[in-house]
Every structure is written in C-alpha cells, then in structure tokens.
Amino acid sequence: MKRNVIVGQSGGPTAAINSSLAGVYRTAIDRGAKKVYGMIHGVQGLLNEHYLDLSKYIQSDLDVELLKRTPAAFLGSCRYKLPEIHENKEVYEKLFAILDKLDIEAFIYIGGNDSMDTIKKLSDYAILTGHNTRFIGCPKTIDNDLALTDHTPGYGSAAKYIGTSMKEIIRDSFCLEYPKGLVTIVEIMGRNAGWLTGAAALSKAEDCDGPDLIYLPEVTFNLDDFKDKVKKLLEKKSSVVVAVSEGIRSADGKYVCEHGSNVDFVDAFGHKQLSGTASFLANYIAGELGAKTRAIELSTLQRAGSHLASRVDILEAYQVGGAAVKAADEGDSGQMVVLQRISDDPYQCQTAVKNVHKIANDEKCVPKNWICKNGTYVSDDFVNYVTPLIQGDLSPVMVDGIPRHLCIPKELYKK
Ligand code: F6P
C-alpha cells in the first residue's frame, strides 16, 4: 500500500468486531500503509470529520491482543443510512473531499447488511466519479444473516454465550418446586433471522435436555398454540424452559413484543426496536396457567460476553479484517469478504470476496429444512453447522480478577 487506510465500525456491536479492527490495522501496517485512521461512530462521524490516528491507541503487540479480546465497538458505531446518490450528491461530495484530504487508498467498513449498503453506495459513487479509493466490506453481526458467507464473525461467540447461558438457566430452573410449575422464557436477539435463537439448542447434551421449545422468527407464532404446548409440558414436568426470538410475529405480521407495549423507536433503516417478547409471554402464561414465570432477556450480554468468546470466531474475525485490507490492496472495490467453509471435520474455512451489491440489505434466514417439531425446534443439521463456530476459548487478560479491555478516552467519542 502506498497511501492511507481508514476503517469504521457500524451497526450492533459484537464480541469479535474489535478483532476485525485489529486485523485491519495490523495488515494495513504490514502492507505499508502510511497511516491507519479510525472513523469515530462510522460514516456518520466521518461526515463531521470525526476520526483518529489508530497508531496512537494501538501501540504494541499487547494492545493488538487486548483489542482482539475487547467487546463492543472500539471506535464507536452508528446506524446511519446514506441517501441514494441521485437524492443528495452533496453528502457524497463532502465525504469524498474528506477522503481526499486524508489521502485514503482503502476504506474498510466492518458491519452487517445495513453497513454493506454504505459500501455499495460509496463504491458506486467512486465508479461514477472515477475516484480511486477502494471500498471493502468486512462482515460482522451476531445475527448471522448476511448472504453469500457461510457465517459472520460475531455469531460464533454470541452462539456460545447463548448455548452456555441456556444450560445454566435450565440447571437453575430445576432447583425449586412451585405448585403450578415454573415457566422460564428466554428472549434472544437476531431480529428477523433465527440463527441466534437456534443456538439455544447447543445446551442439549448428556447432562442437559436443552430448552423444551425454540421459537424462531422464520415461523409464524400462535399464542394459543404456545399456551397449549406449555400446558401439556407442565403436566409432565415441573419446569419448562422456552427460547424465543425477539423477532417472532403473529399471523397479522405484528411482532409479538408489539402486543405487549408500544414499540416506537425505529432506526434509520426502518428497524423497530424489538424488546419485551419474553415478558409479554411470561405475563400471558402466568395469567392463563397460573404458573410461576420468569422472563429473561439476554439483551446486550449475548453480544458483549467476550469472557466466553469463541476462539474460532475471534481468530476468524481477525483474519477477515486482514483479508479486507488485502483485497483493497490488490485492487478490489465494492466487495465484501466472505467465509467459505471447506470442511466440518476437521473444521476449515477460507476467505474470498463477493460483490457487495448481492449482499447489502438482504437478510439470510434459517433454511426451512433446519426447523423441526412443527416449528418449535432446530434440526441436527443446524446444530452441526453451529458447533464448529463455538469451539475454543480466548481467555481475557485478567487484571484484579476482571477482564482488561483496550479503549480510547471517553471524550473522544464526542466531537
Ligand atoms: O443487528 C444486531 C442486533 O444485535 C440485533 O440482533 C438486535 O435486534 C439489534 O442489534 C439491537 O440493536 P440496538 O442495540 O440498537 O437496540
């Protein structure tokens, strides 16, 4: 590389997104980039010339290792939708003037399907105007819903956290007896894709039966049917544990969480804030069946749990960051790095690049034939797909018994 690189993080954070940032930084330096800039709060921050020189904050090999083990977005994130080029050229002129000022050769954006929309539009604008900056997407999302890649960095660690937490919840749920039983409902992220919720099945092993029911957003949810199933289970056992996706919907297309409360926050991409499914269902079951209920929203914990990160995931995230820089250095633009699985046993994966136009804004859902028991569980094929992605641990660097993270001074997040 002869000039500079700029990297940003966008969308929901994960336990692995900073490992991709570390991979971008290390590879850019190794390939001769003069400077590696980090956008603060993604492209939204860049529009306000909010960025930093990463070499000031990643100063040693230990810093790189700490960054790989630090959850959330080191640079801050955003959910910012660029306008269509024909709607507002000024935004693009402004952004490209900033890129020129910083002498940017490669623009790497670590994010999910909405963030790939940014790479798509910026690379299109570069072609339109004959600009020579290259734009590469680096996949990241716990939701695992990006097309054309076997899986996304961030998913493996979240799946490991979910499988583990589910097992701990099930273990706990059998300790006390309640007259009409205990129903525990665990709400899992993933929006309209059930990859994360399905990972609840990973808890099933010789020492654990796994959840009794798993409801994915790919299957229409029926409240009466749910109640009947829970009632039948309570006739046989004192504790019932159910995994539900935050994105389950009733036949009228409404999210189940919308039945419980007014969900009025909608982000720039039109996504409603999904939360409250478990508490709505727990209240409903308590009212209908008189059982003791508990609603557990894994919420932020499932994407920030780096103490339980998957080694495979963190290392792949790092590899994918490096592959993004390599692709830009070799002349690619308008592409996203993908992971291609070569084999399950031994597990092997390689990186490649795919046209971001075929990925942006799309949502890859769990295939129908991986959903079983009338839409209330996932198949062995699903479990076999996820299992290699959760393997190995990457212990945090512990200081005084608590993981140490690499971070920038808080003031830098504000302009
Ligand atoms: O897109 C990733 C994700 O974690 C989704 O699973 C979830 O619905 C959403 O982000 C939550 O976003 P926020 O933190 O903005 O509420």
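In the predicted model, the side chains of Arg341 and Asp344 are joined by a polar contact of 2.7 Å, where a polar contact is a pair of N or O atoms within 3.5 Å, of which, within protein, one must be able to donate a hydrogen and the other to accept it, residues adjacent in sequence counting only if both atoms are side-chain atoms. The side chain of Arg341 makes a further polar contact, at 3.0 Å, with the side chain of Asp150. Arg341 itself belongs to strand β10, helices (H or I, at least four residues) and strands (E, at least two) being DSSP runs numbered from the N terminus. The model is a predicted one, in which local features need pLDDT of at least 70 and side-chain atom pairs count only at pLDDT 80 or more, whereas totals for chains, interfaces and linings use all residues. Residues are numbered from 1 along each chain as its sequence is written, and side-chain values use heavy atoms, with hydrogens and water left out.

The peptide bond from Asp345 to Pro346 is cis, with omega near 5 degrees, and Pro346 is placed in the loop between β10 (335–344) and β11 (347–355). Asn361, in the loop between β11 and β12 (371–372), has a positive phi, near 65 degrees, although the residue is not glycine. In the loop between β12 and β13 (377–378), Lys373, likewise a residue other than glycine, has a positive phi near 45 degrees. Most residues other than glycine have a negative phi, and most peptide bonds are trans. With a relative accessible area of 39%, Asn361 is partly exposed, whereas Lys373, at 52%, is exposed; buried means under 20% relative accessible area, exposed over 50% and partly exposed in between (1.4 Å probe, protein chains only).

Between Val325 and Asp345, which are 20 residues apart along the chain, the C-alpha separation is 29 Å.

The ligand is surrounded by Arg79, Ile142, Asp143, Met189, Gly190, Arg191, Glu246 and Arg303, a residue being near a molecule if one of its heavy atoms lies within 4 Å of it. This shell divides into two nonpolar, one polar and five charged residues, with Ala, Val, Leu, Ile, Met, Phe, Trp, Tyr, Cys and Pro counted as nonpolar, Asp, Glu, Lys and Arg as charged, and the others, Gly among them, as polar. A polar side-chain atom of Glu246 lies 2.5 Å from a ligand oxygen atom, an N or O atom in the side chain of Arg79 is 2.8 Å from an oxygen atom of the ligand, and a polar backbone atom of Gly190 is 3.0 Å from a ligand oxygen. Of the 400 Å² of accessible area that the ligand has on its own, the protein covers 77%, as computed by the Shrake-Rupley method with a 1.4 Å probe.
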